Each structure stands twice: as C-alpha cells, then as structure tokens.
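Please prepare a briefing on the structure shown below.

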Amino acid sequence: MLSGGGPLGALQVGAIKAIFEHGVRPDLVTGTSVGAMNAAYIATNPTMNGIDRMELVWRNLAEDDLFPGGRFRASWARMFVKGNRVFENTGLEHLITSTLGADARIEDAQLPLAIVCTDLETGAEKIFTQGELLRPLLASAAMPGVFPPVEIDGRLYTDGGVANNVPIAPAVDRGATTLWVVDSTSHTNQRRPLQRPMDFFFHAFTLARGQRLGADLKLFSDKVNIILVPTAPLRLFVPFASMEHTDQLIDSSYKHTKRFLAGQLDAKPEPFRISSSEAIR
C-alpha cells in the first residue's frame, strides 16, 4: 500500500527494494498519487529486475520532466489567474507512456492493481482496477491547482490523496490479510519550515489528509495484519516538485528499511513534530 507524497515517493523506491530483497512478494498493490505510479511499476513487473528499472527511472527524473515550461517556484503567479492548473500534465503523461506503455491497461498487469482517485464533484474516492492505465494515473497524481483534473467516463477526477492518501481500505476490500504499508506523507517524514501563509496552508492540507490513515488503522488493525514500514527520518526539507534529493531519499530509505526488516527498528515510529518556536520563526 503506497501513499502519496510527491518527490518523497523516492522513499518508497528504497523501501520496496529492501522488501523485495527480503523475499516478500505482493499478491496485489494499491497506490495513491505518486504511490499509484510506483504501484503500477510493481504490478507491471513484480521482480527484482522490475524494481531495479523503477529505481533507474526515479534516479534519472528531473524537475523539467514533470513540470515542463518553467520552474515550479517561478510559476506561483499562475495560481491567481483563471484556470484549473499551474502546469499541464504532459510531462507526467510522457513519463507514463514511455515507461509503462501508451496503450497499457490496468488488468493486463501481472498483479492486481488498485489506483485511488478523488471525484472532483463529490469528494468520494474512486478505485480504478480495470481499463486504461494512463488517465487514472494522471488523475491520481493531479494535485489540485497544480495539474488539471482528468475526465474519465464523463466525470472529473483529481489527486487521490484528497480522499484516501494511504490506500489501506482498497486492499482490505480486495481480500488482503497482511498489508505492507509504505507511507511517505510529508508531515510524518520531514520538517516543513512554517514561515509564510502558504507554508501553513500546505502543512494543514497535509495534516488533513493524514487523518484518514489514523481512522483506517483503528478500523482494520484487529481485522488484518498491518505492517507499517518506517521510512527514513529526514534532516532536510524536500520542496514539492524538487527532484534534487532523489538519490539521497532512495539510499537512506533502503538502508533504514533493511534495519527494520532485521528487527532493529520499531514498526511505529513517532511522527516528526515541529516545536512551537520553530513554527513561529
């Protein structure tokens, strides 16, 4: 079960590599946003060779590959003009079609795959388990305001993290009994400097998304075996859309997960907390 998290999705790559090396093989995969992308890679080729290829894709990703037409930080003025996005999703589309295939279908993957999206009108989560792969992946990763919503069968869908950022329920609904959960949500894994109104906005949005995970853990913890894979603690802040720390994220997560699998870490580390003095600085 792979969460959203933008560039922190690189943490999932290192964790998944360690898990596969440990001999664990999934029977199904679920993912939200960047986690849906990683889940699609796993479902398409659930082998060590497939994981190595996913890692190579990540290590070669540049910011311009995902945000064509200008740097993300220089484009915030577009948030205040008419429209439904700051960036086109052509970069994401090219990434998906060039690595997974332009005509790929969800049901053709080697493992059952569930992709979480959010209905833009109702806010309800929508789980795609069949049909074309491209548009559900684009929709699941369509961070509101940053990428455009995606129309599928006459309805508009946006970032799956709005409804369900850590897709535990879709796995349970499909018969999973042991769940390996890799949550790379930013509020649990890194410090966001709270210095500007926009910082507080994004931090609050991330906290709101995280409430669903707590509710699902309470709901399902006595019904299924949930293994929360602790991701590596970060000593730096990774801005949304920044790919400059990818190598470090993959490598640190790989080592951290290896330690966890060797029994050297707790399964439920305390979330990273920002002190009041840091919050008002």
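Accessible areas here come from the Shrake-Rupley method with a 1.4 Å probe, and for residues only the protein chains shown count as cover. On that basis the chain exposes about 13400 Å², of which carbon and sulfur atoms supply 52%. This is a predicted model, in which local features need pLDDT of at least 70 and side-chain atom pairs count only at pLDDT 80 or more, while totals for chains, interfaces and linings use all residues. Residues are numbered from 1 along each chain as its sequence is written, and side-chain values use heavy atoms, with hydrogens and water left out.

**The chain as a whole**

- The chain has 11 helices and seven strands; helices (H or I, at least four residues) and strands (E, at least two) are DSSP runs, numbered from the N terminus.
- Of its 281 residues, 52% count as buried, where buried means under 20% relative accessible area, exposed over 50%, and partly exposed in between (1.4 Å probe, protein chains only).
- Contact means heavy atoms within 4.5 Å; among contacts between residues at least 6 apart in sequence, 73% join residues at least 24 apart.

**Strand pairing**

- Two strands pair if DSSP finds at least two bridges between them.
- Strand E5 (residues 155-158) pairs with strand E2 (residues 113-119) in the antiparallel sense over two bridges, and three bridges join E5 to strand E4 (residues 150-152), again antiparallel.
- Tyr157 of E5 stands opposite Asp119 and also opposite Val150.
- Strand E6 (residues 178-182) and strand E7 pair in the parallel sense over five bridges, with Val182 having Val229 in E7 as its bridge partner.
- Four of the five residues of E7 (residues 225-229) are buried, so this strand is largely enclosed by the rest of the structure.

**Helix H1**

- Helix H1 (residues 9-21) has 13 residues and reaches 19 Å from its first C-alpha to its last.
- That span is close to the expected 18 Å, the expected value being 1.5 Å times one less than the number of residues.
- H1 is mostly covered, with 12 of its 13 residues buried; among them are Leu11, Val13, Ile16 and Phe20.
- After H1 comes Gly23, which has a positive phi near 100°.

**Nonpolar cores**

- A nonpolar core is a set of buried Ala, Val, Leu, Ile, Met, Phe, Trp, Tyr and Cys residues joined through side-chain atoms within 4.5 Å.
- The largest core has 66 residues, and Ile42, Trp58, Leu113, Ile115, Leu133 and Leu137 touch the most other members.
- A second, separate core of 15 residues includes Ala171, Val172, Leu213 and Ile226.
- Not counting residues up to four places away in sequence, Leu133 touches Ala40, Leu100, Ala104, Arg105, Ile106, Leu113 and Ile115.

**Individual residues**

- Thr118 is in strand E2 and counts as buried at 2% relative accessibility.
- The side chain of Thr118 reaches the backbone oxygen of Asp159 at 2.8 Å.
- Leaving aside neighbours within four places in sequence, Thr118 is in contact with residues including Gly123, Leu156, Tyr157 and Val162.
- Ser33 is not a glycine, yet has a positive phi of about 55°; Ser33 lies in the loop between strand E1 (29-32) and helix H2 (34-44) and counts as buried at 8% relative accessibility.
- Asp153 also has a positive phi of about 55° without being a glycine; it is found in the loop between E4 and E5 and counts as exposed at 73% relative accessibility.
- The hairpin of E4 and E5 has two residues between the strands.

Definitions and conventions: A polar contact is a pair of N or O atoms within 3.5 Å; within protein, one must be able to donate a hydrogen and the other to accept it, and residues adjacent in sequence count only if both atoms are side-chain atoms.
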